[in-house]
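Have the sequence and the 3D view open as you read.

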Amino acid sequence: MAESLTEIKRRIASTKSTEKITQAMQMVSASKLNQIEKKSTAYQLYSSKIREIVTHMAAAQLLAINNSNDLREKAADPQTTKDQIKVSSMLQQRPIKKTGYLVITSDRGLVGSYNSSVIKAVTDMITTDHKSADEYVFMAVGGTGADFFKNRGMNITYEYRGVSDVPTFNEVREIVTTAVSMYDSGVFDELYVCYNHHVNTLRSEFRAEKMLPISDLDVAEVQDQHIEYIADPSQEDVLDAILPQYAASLIFGALMDAKAAEHSAGMNAMRSATDNANDLIDKLTLTYNRARQGAITQELTEITAGASALE
């Protein structure tokens with residue numbers, strides 16, 4: 001019985017140490033979630049404003065391309081043709097021969113079902129939408145997703161590891177630049193960003209948002225308002241500068257959203273682990289007290305029996 005009591009005490013001490021670690025990790029995840037939620041709220045203002053600007057400028061540019069005789073006459077000019085393709089390549093759809101998926105996962109574990117839910121949703125999607133592995137490629141942001149696709153021999157054209165817990169725009173600029181460059185060079189003909197969207201601290205949901213080509217702008221509404229712009233040096237040049245910035249804002253916004261979902265999942269996982277540890281400590285303590293009470297009762301019984309034998 002003494003060995004049993006010692007073993008129970010050891011398990012209680014070990015579980016208490018684990019409980020302290022998980023509780024600390026829960027607090028760290030909660031702090032990171034609070035930081036990124038504040039940053040996301042501020043970033044949404046910028047994102048909505050640049051979307052408004054791009055919508056208006058895209059409508060004006062499309063009107064210029066469709067209605068300007070001067071542009072049609074300049075189409076034979078190699079420099080003009082190059083500029084027009086540069087302006088319109090991110091807006092106009094082309095035949096889809098290959099689809100790109102930018103999959104955002106975490107670099108570490110201890111985040112509950114965050115990674116597995118994203119990976120399962122992506123694999124289900126490609127199984128449904130594609131007949132051959134030649135029809136899609138992956139851009140993996142996060143070590144978990146990259147390792148998963150690599151181990152299964154899937155086509156990964158790019159991987160990025162080590163995104164910080166509260167990412168900055170400069171930090172993810174490489175991801176954005178690579179994605180736009182691959183689209184322009186024809187590595188894929190459309191790009192979906194797949195990630196877990198942060199709904200609240202208790203729930204997240206999978207999203208697959210089409211980022212390239214930029215096709216969900218409500219330009220018809222702007223055209224109906226007959227809005228015209230005076231641009232310097234030209235509408236084409238202005239749109240050339242703004243469109244990549246808009247694409248960058250979309251991908252960066254998805255990264256921040258995914259990080260918020262990751263921190264929320266980590267916080268919930270550590271809270272669950274802490275609660276489980278507390279429950280286990282209570283059960284072990286009860287078991288220890290019962291064993292200790294049984295041992296004392298046994299000793300008293302033996303003493304009483306010995307005293308009776310001497311009488």
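## Rings, sheet and helices

Phe 138 has 0% relative accessibility, so Phe 138 counts as buried. The model is predicted, and the values here are computed from it.

Phe 138 has an aromatic partner. The ring centres of Tyr 136 and Phe 138 are 5.6 Å apart, and their planes meet at 70°, so this pair is edge-to-face.

Is Tyr 43 buried or exposed? Tyr 43 counts as buried, because its relative accessibility is 13% and the cut-off for buried is under 20%. Tyr 46, at 31%, counts as partly exposed.

| Residue | Relative accessibility | Class |
|---|---|---|
| Tyr 43 | 13% | buried |
| Tyr 46 | 31% | partly exposed |
| Phe 138 | 0% | buried |

Next comes the sheet. Five strands form an open sheet in the order E3-E2-E1-E4-E5, and the pairing is mixed. Strand E3 (156–160) and strand E5 (203–212) are the edge strands, and each pairs on one side only. On average, neighbouring strands are turned by 20° against each other, direction ignored.

Strand E2 covers residues 136–141. Four bridges join E2 to E3, and the two run parallel. Across this pairing, Met 139 of the one stands opposite Tyr 158 in E3. In general, strands of a sheet pair through backbone hydrogen bonds.

Helix H6 (residues 173–185) lies across strand E1 (99–104), E2, E3, strand E4 (190–200) and E5. H6 runs at about 165° to E3.

Helix H4 (residues 114–129) has 16 residues. At 1.5 Å a residue, H4 should span 22 Å, and its end C-alpha atoms are 23 Å apart, which agrees. Which residues of H4 are buried? They are Tyr 114, Asn 115, Val 118, Ile 119, Ala 121, Val 122, Thr 123, Met 125 and Ile 126.

Conventions
Residues numbered from 1 in each chain as written. Predicted model: local features only at pLDDT ≥ 70, side-chain atom pairs only at ≥ 80, totals over all residues. Heavy atoms only, no water. Pairing = 2+ DSSP bridges. Axes fitted to C-alpha atoms, helices over the stretch in contact; angles between N-to-C directions. Contact = heavy atoms within 4.5 Å. Buried < 20%, exposed > 50% of the residue type's maximum accessible area, 1.4 Å probe, protein only. Phe/Tyr/Trp six-rings, centres within 6.5 Å; stacked < 30°, edge-to-face > 60°. Expected span 1.5 Å × (residues − 1).
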